[in-house]
Amino acid sequence: MGSILLVIGFIFIAMVIIQIFLKKYKYAGLVLPAISLIISILISIPNFIKVFWNGFSFWAFVASVILLIVCNMPTAVMLLMYYDFRTKNKKNSEIDKMNIQDL
């Protein structure tokens, strides 16, 4: 169990490092969050199917929603990194344009 968590941790760190380099490009920065979202949905679908096909159980549904939220944490982190960089980059470009106009 510990080695699986270690591998998952390394994969998450590698995805964050790759995202740091990809966030500079407009659409390339959205590739990893999209892949992460698709993987989290594919992980969660079997749980939702079991909840609804085996008779609805409220707590099983809550567990499935929690699984979906936990699996989407890397997606949220990468999207926050992307939008943070894009807003800072946009603000800096506007400041540069104002400085050029001042000259």
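At 46% relative accessibility, Ile13 counts as partly exposed, a class that lies between buried (under 20% relative accessible area) and exposed (over 50%), using a 1.4 Å probe and protein chains only. Ile13 is found in helix α1, residues 2–22, where helices are DSSP runs of H or I with at least four residues, numbered from the N terminus. Ile13 and Pro74 are 61 residues apart in sequence and 9.8 Å apart in space, C-alpha to C-alpha.

This is a predicted model, in which local features need pLDDT of at least 70 and side-chain atom pairs count only at pLDDT 80 or more, while totals for chains, interfaces and linings use all residues. Residues are numbered from 1 along each chain as its sequence is written, and side-chain values use heavy atoms, with hydrogens and water left out.

Thr75 has its place in helix α4, residues 73–102, and counts as buried because its relative accessibility is 6%. Thr75 touches Pro33, Ser36 and Leu37, leaving aside residues up to four places away in sequence; contact here means heavy atoms within 4.5 Å.

Leu37 also belongs to a nonpolar surface patch of about 1,300 Å², whose members include Ile49, Trp53 and Phe58. Helices α2 (31–53) and α3 (58–71) each supply at least two residues of the nonpolar patch, and α2 gives the most, with eight residues. Ile49 lies in helix α2.

| Residue | Relative accessibility | Class |
|---|---|---|
| Thr75 | 6% | buried |
| Ile13 | 46% | partly exposed |
| Ile49 | 39% | partly exposed |

Notes
Patches are made of residues with over 30% relative accessible area and no salt bridge: like charges are joined within 9 Å, nonpolar side chains (Val, Leu, Ile, Met, Phe, Trp, Tyr) within 5 Å. Accessible areas come from the Shrake-Rupley method with a 1.4 Å probe; for residues, only the protein chains shown count as cover. A salt bridge is a side-chain nitrogen of Lys or Arg within 4 Å of a carboxyl oxygen of Asp or Glu.
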